[in-house]
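Here is a briefing on selected sites in one structure. Please keep the sequence and the 3D view open while reading.

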Amino acid sequence: MEIKVLKDILSANEQIAERNRQLLDSKSVFAVNLMSSPGAGKTSLILETIKMLKGKTRIGVIEGDVSSSLDAETIGKEGVPVIQINTGGGCHLDANMLSSALSNVPLQDIELLLIENVGNLICPAGFALGEHKKVLISSIPEGDDKPFKYPLMFHKADAVLINKIDLLPYLKFDTQSFSQAIRGINEKVEIFQISCATGQGIQEWLSWLLTQMSRR
Amino acid sequence: MHEFAITQSMCDIVLEQAKKARVKKVGKINLVIGEMTGVVGDCVQFYFDFISRGTLAEGAALSFVMVPPKARCRDCDKLFDLKEFDWTCPYCGGNSLQIVAGKELFVESIEVE
Ligand SMILES: Nc1nc2c(ncn2[C@@H]2O[C@H](COP(=O)(O)OP(=O)(O)O)[C@@H](O)[C@H]2O)c(=O)[nH]1
Ligand SMILES: [Mg+2]
Ligand SMILES: [Zn+2]
């Protein structure tokens, strides 16, 4: 006998993500899921964002980096609450991990929660956390073919940050065809060119971020 | 890899359905997987053998229907297979596309005794 099931395999994760979002909403916290390959600049962007919004927006950070707590320590020095998630070598964060981490975040004290996902362009794409926006960082040294190799990630992102544009003079990267490829499969996407090293483009990213927060 | 988490959720869904229908044994599980998810069938099989041990689904055969990515052109409305490194419409050269297949990840059905 055959029994029809027709059930999405990730539906359990989606349900927990929805609960996380409700919790965040009830505390008026706006959550951003930051994803990229290792080394693209997630931690650098978090640090830059904290510095620029100091005294204006109260920020908390969840660190999902694979094994070390190095990133968490660096961010902790900025004086914002940081919670480290230990994925035990896992390749992505999931809604359940975020749910336990949230119980340790002082949600009443923050307005913006930046979540650094595990450096990986495949696995995090499928696992919603309960975030309000998905932000993907893709950096110049990685090359401009990444949308073709990891289409799902680029398809789902609300914003794509092209980071390390200070390196454009030295490396081959066609930002125009890169952006066009992403826009082709993602109607809603916002694309920014930034450098965490020189600060170029950071204002545009921040004003987008603050607009998204105020619109919610 | 994420196949472990995916196989775990898949098993949960299968066992819940099997219990609801009060079956003795799950003989086969039919899965639909879009190629864009990056989920590898062999990996799912590997974890499944381990995760299903001692459950109603132990020894069940896994069948995978892999769905290649398909897109619809927003300019001319035609459907086509999304090629790996060329995202232009083969009919009109447009490059605004709606992905209509390739993101699937679900349990289609189970065959039970
Ligand atoms: N040249 C340059 N280097 C950068 C930039 N942003 C980050 N980096 C460097 O890239 C490396 C990895 O950055 P990190 O933020 O740790 O990446 P993560 O693994 O995604 O968190 C570090 O050595 C950073 O200093 C940038 O805009 N330009
Ligand atoms: Mg980092
Ligand atoms: Zn067309």
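B:R22 is exposed, with a relative accessible area of 76%; exposed means over 50%, buried under 20%, and partly exposed in between (1.4 Å probe, protein chains only). This is a predicted model: local features need pLDDT of at least 70, side-chain atom pairs count only at pLDDT 80 or more, and totals for chains, interfaces and linings use all residues; side-chain values use heavy atoms, with hydrogens and water left out. Residues are numbered from 1 along each chain as its sequence is written, while chains are lettered from A and ligands numbered from 1 in the order in which they are written.

**Positive phi**

- B:R22 has phi near 50 degrees, a positive value in a residue other than glycine.
- B:R22 sits in the loop between helix 1 (2-20) and strand 1 (26-34) of chain B. Helices (H or I, at least four residues) and strands (E, at least two) are DSSP runs, numbered from the N terminus.
- A:L6 is another non-glycine residue with positive phi, near 45 degrees.
- A:L6 belongs to strand 1 (residues 2-8) of chain A. Its relative accessible area is 53%, so A:L6 is exposed.

- The ideal angle for four tetrahedral donors is 109.5 degrees.
- B:C73 and B:C89 link distant parts of the chain, 16 residues apart. B:C73 is in strand 3 (residues 70-73) of chain B, and B:C89 is in the loop between strand 4 (79-81) and strand 5 (97-101).
- Both B:C73 and B:C89 are buried.

**Ligand 1 and A:T43**

- Ligand 1 is surrounded by 16 residues, the closest being A:G39, A:K42, A:T43, A:S44 and A:D166. A residue is near a molecule if one of its heavy atoms lies within 4 Å of it.
- Helix 2 of chain A gives the largest share of this shell, 3 residues.
- A:T43 is in helix 2 (residues 42-53) of chain A. It counts as buried because its relative accessibility is 13%.
- A side-chain N or O atom of A:T43 lies 2.8 Å from an oxygen atom of ligand 1.
- For A:N163, a polar side-chain atom is 3.1 Å from an oxygen atom of ligand 1.
- At A:A197, a backbone N or O atom is 3.2 Å from an oxygen atom of ligand 1.
- The protein buries 68% of the 580 Å² that ligand 1 exposes when taken alone. Accessible areas come from the Shrake-Rupley method with a 1.4 Å probe.
- Not counting residues up to four places away in sequence, A:T43 touches A:E63, A:D71, A:I75 and A:E116. Contact means heavy atoms within 4.5 Å.

**A:S139**

- A:S139 lies in strand 6 (residues 133-139) of chain A. With 2% relative accessibility, A:S139 counts as buried.
- Beyond four places in sequence, contacts of A:S139 are A:A40, A:N163, A:K164 and A:F173.

Definitions and conventions. A polar contact is a pair of N or O atoms within 3.5 Å; within protein, one must be able to donate a hydrogen and the other to accept it, and residues adjacent in sequence count only if both atoms are side-chain atoms.
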